[in-house]
Amino acid sequence: MNYFFGNSDHVWHVAKSGDTGNSGHTFALAKETIAQVIALAASGDTIIVWPGVYAEQVDLQAAGLSVVLAGTNKHHSVVDYDSGHAIESYKQCQYHNLRVEAAGGTAATGIIKGEAGTSDVEIADCSIDAPYDCVQFSHLTTPSYRIRTIRCDMSGDFDANNYSGVQGCLMSDCLLQSDGSWATSADCRAMHSADVSGGLGIVSACIMDSRRDDASTAACHGADARGMWIFDECIFEADSGEDDSGCTAAFYNRDCQAAIAASCFYAVSDYAGEYSYVSTPAQYEYGLFDVHGYRIGERRLLKLAGCNFDPRRIAGRLVTMMDYDGFVRPHCAGRYG
Amino acid sequence: MGFYFCGDSDHVWHVSAGAADNSGGGHSFATARKTLVTADSGNGAITDAASGDMIVIWPGTYAEAVDLATLTKSLEIVGTNKYLSKIAPASGNAITLYDKTILRNMTVDSAGTALIGAARSDILLEDCYIDGDSAALNTSLVANGRLVARRCDFISKAVNTISLLPSFASAEIAPVLFEECIVAGVTPASVHTILRNLLIGLNSLGRIAGVFRKSIFTATRTDVSGRFCYAASVVGRHVFDDCIFQALMTDGSASGPCAALETNDAVAASTRLVLNNCNIKSSGGGSNYDISNAGGSRIVIANSIYDKTQVNGDLIDMDYEDGKVRFAGAFGGRY
């Protein structure tokens, strides 16, 4: 939700027609760069980005600033930075109605990045195109809390997002795409939340589409997850084209307890021994099918209801509601369990 | 995406911590008042506002307790920044709710209870961060009173993060709606035996009826042994759709019960719950219950994931793995 109450000392305008010497508090007196505003703004302020390409890094972390960064056009208010993270987020920041992109190709390029423990961040109505991850709030030891992502388009060459370990991830109405072009040796996932021990989140009405067309043995997953998750009204799609021999899974369960409803799964690969629509076993990364991946009382399990997937293409076990014959049952390695 | 502002007028009051005092008219940022209710060369904005007016809070920390009930004013209070437009008195409760109170896009932070009310109706909370050391939200609702919370975070280190009770004893309901909220309770700051993160209670025959969607309820405590920990403890008629319940303790067998979802109805025949596509987990307690229905209330659960061996009491599970619908309790909470 955007809340705007007119110009004030707490509202800063940035426009390509702006000037360094302007006050920045109206469009007519806009600043020329976002960095000029960051040098003057205080936490709680709102920075309005008028249409144009702003080829600069927005480093709110270094500035220690909690602000609202709001574009006036989702596609034409553009932060474009090729030499590092386009936006280094600080806690309690909100990004609205912006495009964030980069043309470079390093691991630190073109993303909205939160350092360890960066919490209470909202990304809404943004379009993000990155040669690595689009959005990354993942840290091995210090998690982020309460990250909201709403109505965003994210297209990443590695992962569209990396929310591994986030405690309280709420994402809805987003389109996430990854194509693996960052590195043939690297897995690509539209949604990645499996790096560290256990995130916690709810994903609804999202499309997670991962597809690669390189000669790679790395994985291609629509989404992977670790921790506790809910997915509702989502599409999971993985397509590794004709050259891939890595694990291709629409959804890859990496030690996760997840409830999934009203969702579609689709995966395709030329390597019949290693693709699946829904994959549960952690051992799969070692090339094994874990037919005992699901047991009563174990936490690493999935439960699907009202979903569309091919029961012949499952590694591991899951519980699905209402099979084709009307029965409820666990599935196992593509067979009825 | 929406906008909620129709321009400055006599019905809009601006409050800015950067204002010199309250001598300005208050109807624009340039003439903003400095305080909400505290006199300072003039009245605070809320003091002069009338029911139906909007209070715009510019960034800053306003160390004032706002008692809308005593003032009998129904106001819409809107921050310009969810986290930095902050009402945070040095002590005591932050905002005492009155009927038809609307709070948007702001933080309420209190050493006492952040939002407190008694026998209220028509409360609307959107895009707020609410943190109270004694509770984030503690109110009772009148029969047919309504409370709606969307995209809000409720944080506390007290006995209850949220406590909702009927103020009426008759066989009626007070409806509530929660969407995309996070309700998180952690180890109480002072010694409390029981942590009930979300508590929805009863009043004789009076009940709350709620729909909770896409919301997360977590309770975590790491203090000494013998404590209790519940992510949600509810009475009434409720639907939980796409919700996560997680209760975590770290004291192992020395701890008391740890339950992700508990019913606690002294009149067992009156509580009905539906849980759909929920994810439920408890761990670390002396005894762990993903679902504890000791009172014998009726719970229907579908499409949800929990550990069947960690169920206390009865429930109706629509999708046991063998394809049969059954009372889990008939099997002692296990196969």
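## A bridge between two strands

In strand β20 (residues 199-204) of chain A, A:Ser204 is the bridge partner of A:Ser172. Strands here are DSSP runs of E with at least two residues, helices are runs of H or I with at least four, and both are numbered from the N terminus. This is a predicted model, in which local features need pLDDT of at least 70, side-chain atom pairs count only at pLDDT 80 or more, and totals for chains, interfaces and linings use all residues. Residues are numbered from 1 along each chain as its sequence is written, while chains are lettered from A and ligands numbered from 1 in the order in which they are written.

## Strand β17 and its partners

Strand β17(A) covers residues 167-172. Two strands pair if DSSP finds at least two bridges between them. β17(A) and β20(A) run parallel and are joined by five bridges. β17(A) also pairs in the parallel sense with strand β14 (residues 145-150) of chain A, again over five bridges. A:Gln167 in β17(A) has A:Tyr145 opposite it.

## The nine-strand sheet

Chain A has an open sheet of nine strands, in the order β3-β6-β9-β12-β15-β18-β21-β23-β25, with parallel pairing. Strands β3 and β25 (264-268) are at the edges with a single partner strand each, so one side of each has no neighbour in the sheet. From one strand to the next, the twist averages 10 degrees (axes are lines fitted to C-alpha atoms, for helices over the stretch in contact, and angles run from 0 to 180 degrees between N-to-C directions).

Within this sheet, β12 (residues 127-130) and β15 (residues 153-156) of chain A run parallel and are joined by four bridges. A:Met154 in β15(A) stands opposite A:Ile128.

A:Tyr54 belongs to strand β3 (residues 52-54) of chain A. A:Tyr54 counts as buried because it has 23 C-beta neighbours inside 10 Å. Beyond its neighbours within four places in sequence, A:Tyr54 has contacts (C-beta atoms, placed from the backbone, within 7 Å) that include A:Thr33, A:Val49 and A:Val78.

## The whole chain

Chain A contains two helices and 31 strands. Of its 337 residues, 61% are buried. Among contacts in chain A with a separation of 6 or more, 61% are between residues 24 or more positions apart.

Conventions:
A residue is buried if 20 or more other C-beta atoms lie within 10 Å of its own, exposed if 12 or fewer, and partly exposed in between; C-beta atoms are placed from the backbone. Two residues are in contact if their C-beta atoms, placed from the backbone, lie within 7 Å.
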